[in-house]
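Me: I would like to learn how to read salt bridges in a protein model. Can we go through it step by step?

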Amino acid sequence: MTATTCAPDTHAIIVNGESVVTAAATLEALVAERGLAGASIATARNGDFVPAAARAATAIAPGDRIEIVSPRHGG
Amino acid sequence: MNAPEPVAKAASALTLYGVELPSRLLIGTAQYPSPQVLASAVKASAASIVTVSLRREQARGRTGERFLELIAALGVRVLPNTAGCHTVKEAVTTAQMAREVFGTDWIKLEVIANDDTLQPDVFGLVEAASILSADGFKVLPYTTEDLSVADRLLAAGCRVLMPWGAPIGTGRGLANPYALKSMRAYFPAVPLIIDAGIGAPSHAAQAMEMGFDGVLLNTAVAKAGEPVRMAEAFARAIEAGRAAYEAGLMGTRDMAQPSTPVAGTPFFDLDRR
């Protein structure tokens, strides 16, 4: 889906490598929209770390690349 | 009065970034057949540090929570990695995300040069180590045995270096023992941990006998037929290797020399020589 087909007040963005259309205006709202409010996650926007405390003040813009990650097994 | 009987001393502890650790084994948490086997293997290994990672969380996922609960129950320190990062930017951002979600400023820094060898990109590694150290991270860089790179990493703020034994997941042991010996001799006071390539307890013992301060491994235990038994085997090998290093290995000779005294050998006649 491209940005031109989005409903009003939605943006086409990339979340964890997948195209997503969201109504979320902030990163905090996006996290909540995905059912991850309060989860043990960390976030980045366009390659830059966004601390949990800064998500509410981080606006989502069309084309943004968001990463939402969580603890996992590792070597 | 009898002289006191000599007793074997306990092996000295490993100290990394001012933290004293009872075990010289650092163990990975990936690739185990089940969470239960992972937990039992970590316990059997007696490792005081486990490595962990960050991966994408799906919508409404709780994978991260479940993993954190599993790790918390182990009662060990976590060392997050930047596995899979190919650029300085990816590694720095991943480290920052890991610090927040794992609550530790320790980071196993990996910047990978290419996917076939998983060889460290040493140029990116030095740059990322510099950025992260300045940002307050305690960086444990996965590096090669190259001495000039090691010098740059120390100048960048690293207080621990983790040279590879062999490429990640190969199980080939110490591919370049001569270079690793040189590294040990060149940095006598820097904690050096062999990270990656260890396939068998004998490899780990060899590294410890050479004077390395610790061993970090994952696949050799996780992919063993019985991971819990293998974890214990590694724990013993590492203890034995360290004790041997501290005890001081004998020198080697080219020719045989009898260990039983020659003097007084029965039937010994000078004309036999």
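**Reading salt bridges**

Reply: Start with one residue of this predicted model. Glu246(B) is partly exposed, with 36% relative accessible area (buried is under 20%, exposed over 50%, partly exposed in between; 1.4 Å probe, protein chains only). Residues count from 1 along each chain as its sequence is written, and chains are lettered from A in the order written. Local features need pLDDT of at least 70, side-chain atom pairs count only at pLDDT 80 or more, and side-chain values use heavy atoms, without hydrogens and water.

Me: Which side chain does Glu246(B) meet in a salt bridge?

Reply: Side chains of opposite charge can pair when their charged atoms come close. The rule asks for a side-chain nitrogen of Lys or Arg within 4 Å of a carboxyl oxygen of Asp or Glu. Here Glu246(B) pairs with Arg242(B), at 2.7 Å from N to O. Both sit in helix α9 of chain B (residues 227–247), four residues apart, about one helical turn. Helices are DSSP runs (H or I, at least four residues), strands too (E, at least two), numbered from the N terminus. Arg242(B) is buried, at 9%.

Me: Which residues do shared partners join into one network?

Reply: Lys108(B), Glu110(B) and Asp195(B).

Me: What does the salt bridge of Arg45(A) and Asp64(A) tie together?

Reply: Their closest N and O atoms are 2.7 Å apart. Arg45(A) lies in strand β3, Asp64(A) in the loop between β4 and β5, so the pair ties together parts 19 residues apart in sequence. Asp64(A) is buried, at 4%.

Me: How many salt bridges are there over all chains?

Reply: The count is 13.
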